[in-house]
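I opened the model and kept notes as I went. The entries below follow the order in which I looked things up.

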Amino acid sequence: MQISVNNQTIEINEEMTVTALVKAQNLNTQAIAVAVNQHIIHRENWPEYHFSSGDKVDIVTVVAGG
Amino acid sequence: MLTIADHTFHSRLLAGSGKFSSAETMETALAASGSELVTLALKRINSDSAHDDILAPVKSLGLKLLPNTSGARNAEEAIFAARLAKEALGTRWLKLEIHPDPNYLLPDPIETLVAAEQLVKEGFTVLPYCGADPVLCQRLTDAGCAAVMPLGAPIGSNMGLKTRDFLRIIIEQARVPVIIDAGIGAPSHAAEAMEMGADAVLVNTAIATARDPAKMAQAFREAIICGRRAYSAGLGSAFTGQARATSPMTSFLDTL
Amino acid sequence: MSFFDKWKQTSWDDTRLALYSKTAADVEKALHASVIDHDEFLALISPAAAPYLETMAVKSHQLTRQRFGNTLSLFIPLYLSNLCANECDYCGFSMSNRIRRKILSETEIQAECEAIKAKGYDTILVVTGEHETKVGMAYFRRALSIIKQYFSYVMFEVQPLLEHQYATLNKAGLNGVMVYQETYNALVYARHHLRGQKTDIRWRLETPDRLGAAGIDKIGLGSLIGLADWRVDSAFTALHLEYLRSRYWRSRYSLSFPRLRPCAGGVNPVMPISDKELVQLICAYRLRFHEVEMSLSTREQAAMRDGLFSLGVTAVSAESSTQPGGYSQPADELEQFAIDDTRATTEVATAIRRAGLQPVWRDWLPVW
């Protein structure tokens with residue numbers, strides 16, 4: 001199925017969890033936040049959270065800024 | 001000592017982490033600034049580009065984090081950004097900034113107030129970046145913001161305290177700390193803000209883009225200490241050439 | 001958090017000590033600053049400031065003219081009732097006083113309004129004794145609806161009410177409320193307020209908080225000069241104003257400085273203020289609060305009032321009667337206290353013009 005991650009459409013299998021997605025994206029999991037359809041998915045819920053087709057996923061991290 | 005919400009700081013300099021040439025330069029400059037509260041931004045992860053790890057140097061200095069909502073153009077986006085920031089960094093502290101205008105990055109007062117009201121309800125410690133508008137600062141305070149951050153001049157402009165007469169009113173009316181944000185381009189500007197009675201200043205561009213950022217950070221640190229000391233010592237006011245009444249105002253008392 | 005908490009944290013004795021230890025140097029420092037803080041205000045009301053009276057007067061005059069222009073507002077009190085359920089030993093309305101009691105009927109209120117309107121007034125201060133059962137909300141609403149037909153700016157000086165009651169009256173056209181604390185000294189307060197709701201100092205201290213929360217346009221404060229040390233009471237009044245104006249920033253504020261006057265069966269002032277000291281106090285208030293309104297009643301004698309027109313006050317009453325029905329049917333035995341300046345309104349207006357000021361009858365009109 002397809003979901004959108006930070007406005008890029010990707011193909012995932014139905015078993016994929018947030019934890020798996022973050023790992024697949026090769027991200028440093030420190031200081032990142034994940035939201036699905038504008039709802040924050042708390043870190044402790046990542047291992048159980050499964051996506052639905054068409055989900056809009058935001059993954060943000062911290063950068064320098066004033 | 002500066003107290004914002006339930007937290008006490010020794011330094012009255014809030015430092016921005018943006019625009020440094022490298023993470024190492026930022027780390028030495030932040031260390032030299034003596035700042036204890038540093039602003040950070042959030043960004044969607046783009047797998048194409050590597051991200052500097054800016055958190056490690058900030059954390060190694062033991063600084064408190066103040067994520068901002070830059071990039072948000074309205075209250076809804078800012079509230080979403082705030083929730084993401086809390087999740088990513090585990091802090092409820094937030095510099096709320098909403099600027100729909102891409103040229104001058106001037107803050108939107110209406111969206112900022114709407115977002116502040118909601119975020120305070122959600123338990124955030126909200127420090128809103130705002131115009132130097134005294135009534136807006138009152139409304140943001142009523143909404144429960146922990147401080148107000150009126151601008152001295154457009155962000156990044158290094159123009160100094162162009163809004164000084166309004167900042168004076170904001171400081172006079174303040175019930176929460178007043179942090180002058182944006183436009184402070186030289187240590188003398190920061191000193192002037194402190195002499196006026198501002199509780200703190202936020203500096204980013206002027207330090208980050210100096211030829212020697214660490215040395216400039218040190219200069220700001222000292223200017224802020226000097227300015228605050230002058231304020232607490234009680235500045236004399238300039239001689240205004242006081243007019244004398246032609247006949248004494250109180251002579252009627254002699255006839256009673 | 002209300003002013004009651006702030007009041008509890010502020011020691012009367014510490015304030016008195018701080019005030020009386022002020023020196024000439026402290027006064028000069030305050031006089032050189034463009035904006036002064038509470039501590040500098042203490043210097044200006046201290047005995048050390050007495051030699052600087054003329055300098056203070058010049059500054060107060062300048063600040064007042066700069067802020068308010070060359071104008072002075074006129075208002076007049078309208079007494080509706082002298083019934084009172086309190087026992088206050090300085091007031092002619094005290095419940096144990098054997099005076100004739102009267103509550104104006106709707107017809108009588110109309111007659112009073114017409115008599116006052118004929119004198120030219122548009123701003124009015126409605127006064128009653130404090131009698132919740134006979135002169136309470138129901139009466140106030142009826143009276144207000146009549147009075148608002150005649151006058152555009154209506155202020156009340158009645159018993160303290162609840163926040164929602166103030167909000168109701170605000171909607172019905174009430175513009176301002178004066179609630180004088182009399183004294184901020186708990187012991188002295190207890191000594192002079194012997195029976196009735198007014199014995200509850202907290203209820204009274206928190207009244208301006210309720211007014212601010214209800215969004216009343218103008219809130220009037222003041223202490224009754226003569227009950228306790230006026231300097232310390234004025235210091236507390238200034239603290240109260242400072243507290244209120246930062247919290248309830250949409251409201252305007254007004255200060256009064258009533259001196260204890262002779263009345264039926266009343267006490268004499270224990271700690272009087274001299275004329276010079278009253279001028280000092282008014283000027284100090286102006287230097288501390290550039291924007292505050294200050295009102296002066298007919299308790300003061302004519303020559304004193306004429307002198308003060310230029311020195312910081314912004315509103316004066318004239319030709320006042322302190323008894324219910326006094327404008328249409330005068331009868332001295334009902335009055336709250338004796339007034340001193342008995343000149344007719346036209347004479348007072350002439351005196352105001354002589355001081356180079358324009359008498360203003362209407363300085364406010366509802367726009368929306």
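Is B:N204 buried or exposed? I looked this up in what is a predicted model. I found 24 C-beta neighbours inside 10 Å, so B:N204 counts as buried, the cut-off for buried being 20 or more.

**Entry: around B:N204**

I placed B:N204 in the loop between β10 (200-203) and α8 (205-208) of chain B. I then listed its contacts, leaving aside neighbours within four places in sequence. They are A:G66 from chain A, and B:A15, B:G16, B:G18 and B:K19 from chain B.

I checked the record for this residue. The UniProt annotation "binding site", from an unreviewed entry, covers B:N204 together with B:G156, B:A182, B:G183 and B:T205. These positions are spread over 50 residues of sequence, yet they cluster in space, with a largest C-alpha distance of 9.4 Å.

**Entry: B:A182**

B:A182 sits in the loop between β9 (179-181) and α7 (187-196) of chain B. I counted 30 other C-beta atoms within 10 Å of B:A182, so this residue is buried. Not counting residues up to four places away in sequence, B:A182 touches B:L151, B:G152, B:A153, B:P154 and B:I155.

**Entry: the chain contacts**

Which chains share the most contacts? There are two pairs of chains in contact, and chains A and B share the most. I noted 28 residues from chain B and 20 residues from chain A in that contact. On the side of chain B that touches chain A, the elements giving two or more residues are β4 (37-44) and α3 (75-89) of chain B. I sorted the residues of that side of chain B by class and got 13 nonpolar, eleven polar and four charged.

I looked for strand pairing across the two chains. Strand β5 (residues 56-64) of chain A pairs with β4(B) in the antiparallel sense, over five bridges. Within this pairing I found A:V60 opposite B:R44 in β4(B).

I turned to chains B and C. Here 14 residues of chain B are in contact with 19 residues of chain C. The side of chain B that touches chain C has six nonpolar, six polar and two charged residues.

I also checked chains A and C. They do not touch, and their nearest C-alpha atoms are 31 Å apart.

**Entry: chain C as a whole**

I counted 15 helices and eleven strands in chain C. The radius of gyration of chain C is 19 Å, close to the 21 Å that the globule rule gives for 368 residues, so chain C is as compact as a globular protein of that length. Along its principal axes, the C-alpha trace of chain C spans about 60 × 45 × 40 Å.

I looked up burial for chain C and found that buried residues make up 49% of its 368 residues. Of the contacts in chain C with a separation of 6 or more, 78% are between residues 24 or more positions apart.

**Entry: the nonpolar cores**

Which residues touch the most other members of the largest nonpolar core? I found C:L44, C:I124, C:V126 and C:I282, in a core of 99 residues. Helix α13 (residues 275-288) of chain C gives the largest share of this core, eight residues.

I followed up C:I282. Leaving out residues up to four places away in sequence, C:I282 touches C:S60, C:F257, C:M294, C:L308, C:L311, C:G312 and C:V313. I also noted a second, separate core of 95 residues, which includes A:I59, B:F20, B:L55 and B:L202.

**Entry: positive phi in chain A**

I looked at two residues of chain A for their backbone angles. A:N6 is not a glycine, but its phi is positive, near 45°. I placed A:N6 in the loop between β1 (2-5) and β2 (8-11) of chain A. A:N6 has 16 other C-beta atoms within 10 Å and is partly exposed.

A:Q38, again a residue other than glycine, has a positive phi near 75°. I placed A:Q38 in the loop between β3 (32-36) and β4 (39-41) of chain A. A:Q38 is partly exposed, with 13 other C-beta atoms within 10 Å.

Terms used:
Residues numbered from 1 in each chain as written. Chains lettered and ligands numbered in written order. Predicted model: local features only at pLDDT ≥ 70, side-chain atom pairs only at ≥ 80, totals over all residues. Contact = placed C-beta atoms within 7 Å. Helix = DSSP H or I, 4+ residues; strand = E, 2+ residues; numbered from the N terminus. Nonpolar A, V, L, I, M, F, W, Y, C, P; charged D, E, K, R; others polar. Pairing = 2+ DSSP bridges. UniProt positions renumbered as here; feature names shortened; annotations may be inferred. Buried ≥ 20, exposed ≤ 12 C-beta atoms within 10 Å, placed from the backbone. Core = buried A, V, L, I, M, F, W, Y, C linked by C-beta atoms within 7 Å. Rg over C-alpha atoms; globule rule 2.2 N^0.38 Å.
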